[in-house]
Amino acid sequence: MPVSPESTVLIDRINALLPQTQCGQCSFQGCHPYAEAIASGAADINQCPPGGGEGIRDLADLLGVPPKPLNPRFGVHKPASVAFIVEEDCIGCTKCIAACPVDAILGAAKFMHTVIASECTGCELCIAPCPLDCIIMQPAPPSNTERSRAQKSTLAKRRYDARSLRKAKQETEKVERMKMKKLALLKMQAVKK
Ligand code: SF4
Ligand code: SF4
Ligand code: SF4
């Protein structure tokens, strides 16, 4: 069903209040889907652990509803942290890079990887895919914690959007390459006949 312009505006305003770590703890596939669910009434305002109490209050103000405590079913609000790779254990499998929604990990296949702490949102999405369990969480550096919540979410959204665009472009290029291959194959078959 098409979304009305009013709903789109509301979804964008809700999304702008979410932390943009894309961690999925709210039970949705990222912040924007959660914003959509709040706007449609399918989700409550207290499902985002990274946003914590302040985030819930912002959502309550926007929607004109009373704030409520974070629902513990979705997790707990933790102090800001960043991922750290124990480099001597890393085998360079690149699985963490594929999992990071904000491109905060540097590395290449078969080379050790490292986290760019200033870009890491602490979403923890890179931990489970690591086959060597060599990613640990550490307290975020002052340069991260000194940023306001709005600054953090703006930075995370910018990096997430850039990554999403790049991945969509790569997917389109892959489909194009497959089409060209198929066309070339059909041409070859036609010549043989
Ligand atoms: S940051 Fe909050 S809204 Fe965004 S995906 Fe995580 S839990 Fe959901
Ligand atoms: S490095 Fe790990 S914890 Fe940090 S943003 Fe990327 S996936 Fe999340
Ligand atoms: S997933 Fe673990 S082993 Fe693989 S590259 Fe990342 S840190 Fe290294």
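In helix H1, the buried residues are Ile-11, Ile-14 and Asn-15, where buried means that 20 or more other C-beta atoms, placed from the backbone, lie within 10 Å of a residue's own, exposed that 12 or fewer do, and partly exposed anything in between. They cover an arc of only 100° around the axis, which puts them on the same side of H1, the arc being that of the directions from the helix axis to the C-beta atoms. This is a predicted model, in which local features need pLDDT of at least 70 and side-chain atom pairs count only at pLDDT 80 or more, while totals for chains, interfaces and linings use all residues. Residues are numbered from 1 along each chain as its sequence is written, and chains are lettered from A and ligands numbered from 1 in the order in which they are written.

**Helices** (DSSP runs of H or I with at least four residues, strands being E runs of at least two, numbered from the N terminus)

- On the other side of H1, Pro-5, Glu-6, Val-9 and Asp-12 are exposed.
- The buried residues of H1 pack against H2 and H3, contact meaning C-beta atoms, placed from the backbone, within 7 Å.
- In H3, Gly-55, Ile-56 and Leu-59 are buried, and these fall within an arc of 100° seen down the axis, so they line one face of the helix.
- The buried residues of H3 pack against helix H1 (5–16) and helix H2 (31–40).
- Just after H3, Gly-64 has a positive phi of about 65°.

**Ligand surroundings** (C-beta atom, placed from the backbone, within 6 Å)

- Around ligand 1 there are 16 residues, of which Cys-23, Gln-25, Cys-26, Cys-31 and Cys-48 come nearest.
- Ligand 3 is surrounded by 15 residues, the closest being Cys-90, Cys-93, Lys-95, Cys-96 and Cys-130.

Technical notes:
Two residues are in contact if their C-beta atoms, placed from the backbone, lie within 7 Å.
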